[in-house]
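Dear colleague,

Please read them alongside the model itself.

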Amino acid sequence: MTQPEYRRAQTLMIYWHDGELTAENYLESRSTDTETDNAVAVDAQAVAPLEHFTDWLTAEKVAAQLGEFELGSVHEAVSALADAGLLIDRAAARANSPADARPREP
């Protein structure tokens, strides 16, 4: 089975808000019944994996690059970052974009 590939959201902002490190994919539209903020408080260690996802990579490749984190903790971080809209799943991005806007294979 192919491992999912992720990339950092290209509209990601990280800033301090009320004393908390905050990350926001400011152009992401969330489908909810109520107006919700896309900003989430993140642990400073969450920024380390985000830094490595400049291009489509698997969690395994990023874990190998980071070295100091266990694979399981990187998988948990990637899942949480993707759920927060800070990492984009390649397969979902393809499925949700018009055919002419889909990323081209190298």
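**Strands and helices**

Strand 2 (residues 12-17) and strand 3 (residues 20-25) pair in the antiparallel sense over six bridges, where pairing requires that DSSP finds at least two bridges between two strands, and where helices (H or I, at least four residues) and strands (E, at least two) are DSSP runs numbered from the N terminus. This is a predicted model, in which local features need pLDDT of at least 70 and side-chain atom pairs count only at pLDDT 80 or more, whereas totals for chains, interfaces and linings use all residues. Residues are numbered from 1 along each chain as its sequence is written, and side-chain values use heavy atoms, with hydrogens and water left out.

Within this pair, Met-13 stands opposite Glu-24 and Ile-14 opposite Ala-23. The two strands form a hairpin with two residues between them, and Asp-18 in the turn has a positive phi of about 50 degrees.

The open sheet has three strands in the order 2-3-4, with antiparallel pairing. Strand 2 and strand 4 (39-41) stand at the edges with a single partner strand each, so one side of each is left without a neighbour in the sheet.

As for the helices, the axes of helix 2 (residues 59-66) and helix 3 (residues 71-83) come within 9 Å and cross at roughly 125 degrees, the axes being lines fitted to C-alpha atoms over the stretch in contact (heavy atoms within 4.5 Å), with angles running from 0 to 180 degrees between N-to-C directions. The contact is made by Ala-59, Glu-60, Ala-63 and Leu-66 of helix 2 and by Leu-71, Val-74, His-75 and Val-78 of helix 3.

Best regards
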